[in-house]
Amino acid sequence: MAKQKIMMGFCLLFAAICSSVSSDEWKATVVKRIDALVGSCVVVPCSFSHTGGNLPSSRLRGIWHEKNDKKSNIYQEDNTLIKDSFKGRTRLVGELGKNNCTLEITEVKDHDNGPFCFRAELVLTENNDPTKDKYSFVEDCVELYMLTEPPKPTVIKPKTATQGEAYTVTCSVIHTCPTHVPKLTWNMDSTKVIVHHKDIKHGNWETQSILTFIPEEKDDNSEITCTAEFNGVLKSPETFTLHVKRVENYNHIIIPSVVGIGTTVAFVLVCIFMTKKYKKRIEELQSRDGSMWNRLSRMSRR
């Protein structure tokens with residue numbers, strides 16, 4: 001009786017484990033449409049789930065194929081099973097064990113349109129052969145929209161710069177290849193350049209360069225260019241004209257005025273000093289002359 005209870009409990013536990021495993025389903029989340037720059041690269045975000053539970057990457061096989069032909073592989077672990085036109089140009093950048101099936105395509109051709117679909121297979125550890133658990137997510141495929149010209153950078157700046165004051169310009173570009181981010185460069189030397197990369201979702205990324213410098217009078221009406229260089233050496237520049245507001249220098253007015261006022265004040269002070277000095281001298285002479293006249297008057301009376 002005790003053995004039967006133990007066996008019953010084991011069966012219930014096994015059933016619960018199997019139920020939790022089988023509760024997963026074959027499902028993929030793929031960006032439906034994404035821009036791809038011809039000659040550059042593109043990364044297609046992809047995630048999936050399967051009925052095998054938590055498995056390491058070694059127990060999973062990921063394949064990307066054309067939607068209309070499951071045997072027309074654009075990516076496969078076995079390079080001999082890949083279409084000749086895609087050999088050496090595709091790789092998985094996601095970890096299958098983490099349910100990440102993200103695909104990278106380099107040296108994009110103008111005929112790489114797709115649609116392309118992901119296929120997952122559970123494999124045996126003994127000989128790496130697939131089991132019967134496999135699924136092609138043909139309901140969730142990606143189409144590539146070909147760009148023959150690289151996108152232009154976007155420049156955000158204040159309308160006017162002020163001479164001697166810090167001036168900041170932001171240059172950014174949207175791209176779809178985070179594994180080979182575009183390089184943003186300026187046509188002027190500055191040590192104050194900050195670069196950011198961020199995911200703006202749906203397979204799009206933004207690279208941003210922030211330039212800060214001190215404009216001088218000689219920079220007025222000069223052209224500043226931000227150039228985006230994409231993987232594959234494709235370049236796209238954006239240029240604007242810098243207008244520098246001059247700071248007026250009033251020294252040519254202030255200094256002569258101060259000198260003139262100082263000279264006038266000094267002259268007035270000298271005049272006042274001299275006037276007081278000679279006034280006192282005159283008073284002394286007058287006093288002396290008066291006493292002399294009085295003495296002569298007294299003598300005449302005698």
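Student: How many residues lie between β5 and β6 in their hairpin?
Tutor: Two residues sit between β5 and β6 there. Keep in mind that this is a predicted model.

Student: And how many bridges join β5 to β6?
Tutor: Three bridges join them, and the two strands run antiparallel. β6 covers residues 69–75.

Student: Which residue in β6 is the bridge partner of Glu66?
Tutor: Asp69 is the partner of Glu66.

Student: In what sense do β5 and β9 pair, parallel or antiparallel?
Tutor: Antiparallel, over seven bridges. One example is Leu60, whose bridge partner in β9 is Leu122.

Student: Why is β5 described as largely enclosed?
Tutor: Six of its seven residues are buried, so the rest of the structure largely encloses β5.

Student: Switching to charges. How many salt bridges are there?
Tutor: The count comes to twelve salt bridges. Side chains of opposite charge can pair when their charged atoms come close.

Student: Which residue does Arg61 meet in a salt bridge?
Tutor: Arg61 meets Glu121, at 3.4 Å from N to O. Arg61 is in strand β5 (residues 60–66) and Glu121 is in strand β9 (residues 116–123), so this pair ties together parts 60 residues apart in sequence.

Student: Are those two buried or exposed?
Tutor: Arg61 is buried, and Glu121 is buried as well.

Student: Which residues make up the salt-bridge network with Arg61?
Tutor: Arg61, Arg119 and Glu121 are linked in that network.

Student: What about Glu95, which residue does it form a salt bridge with?
Tutor: Glu95 pairs with Lys98, and their closest N and O atoms are 3.8 Å apart. Glu95 is partly exposed, with a relative accessible area of 44%. Lys98 counts as exposed, at 62% relative accessibility.

Student: And Arg246, which side chain does it meet?
Tutor: Arg246 meets Glu217 in a salt bridge, 3.2 Å from N to O. Arg246 lies in the loop between β19 (244–245) and α2 (251–301), while Glu217 lies in the loop between β16 (205–213) and β17 (222–230), so the pair ties together parts 29 residues apart in sequence.

Student: New topic: the nonpolar core. Which residues touch the most other members of the largest one?
Tutor: Phe48, Trp64, Phe118, Val142 and Leu144 do, out of 31 residues in that core.

Student: What is Phe118 in contact with, leaving aside neighbours within four places in sequence?
Tutor: Its contacts include Cys46, Phe48, Trp64, Leu96, Cys101 and Phe137. There is also a second, separate core of 17 residues, which includes Cys171, Val173, Leu211 and Phe240.

Student: Now sheets. What is the strand order in the open sheet of four strands?
Tutor: The order is β11-β13-β16-β15, with antiparallel pairing. β11 (154–156) and β15 (193–199) stand at the edges with a single partner strand each, so one side of each has no neighbour in the sheet. On average, neighbouring strands of this sheet are turned by 20° against each other, direction ignored.

Student: How many bridges do β15 and β16 pair over?
Tutor: Seven bridges, in the antiparallel sense. Among the residues involved, His197 has Thr207 in β16 as its bridge partner.

Student: Which side chains does Glu104 join in polar contacts?
Tutor: Arg91 is one, at 2.7 Å. His180 is another, at 3.5 Å.

Student: One last residue. Where is Thr131?
Tutor: Thr131 is in strand β10 (residues 130–147). Thr131 counts as buried, at 19% relative accessibility; the cut-off for buried is under 20%.

Student: How far apart are Thr131 and Glu121?
Tutor: They are ten residues apart in sequence and 7.2 Å apart in space, C-alpha to C-alpha. Leaving aside neighbours within four places in sequence, Thr131 is in contact with Leu122, Val123 and Leu124.

Key:
Residues numbered from 1 in each chain as written. Predicted model: local features only at pLDDT ≥ 70, side-chain atom pairs only at ≥ 80, totals over all residues. Heavy atoms only, no water. Salt bridge = Lys/Arg side-chain N within 4 Å of Asp/Glu carboxyl O. Buried < 20%, exposed > 50% of the residue type's maximum accessible area, 1.4 Å probe, protein only. Pairing = 2+ DSSP bridges. Core = buried A, V, L, I, M, F, W, Y, C linked by side-chain atoms within 4.5 Å. Contact = heavy atoms within 4.5 Å. Axes fitted to C-alpha atoms, helices over the stretch in contact; angles between N-to-C directions. Polar contact = N/O pair within 3.5 Å; in protein donor to acceptor, adjacent residues only side chain to side chain.
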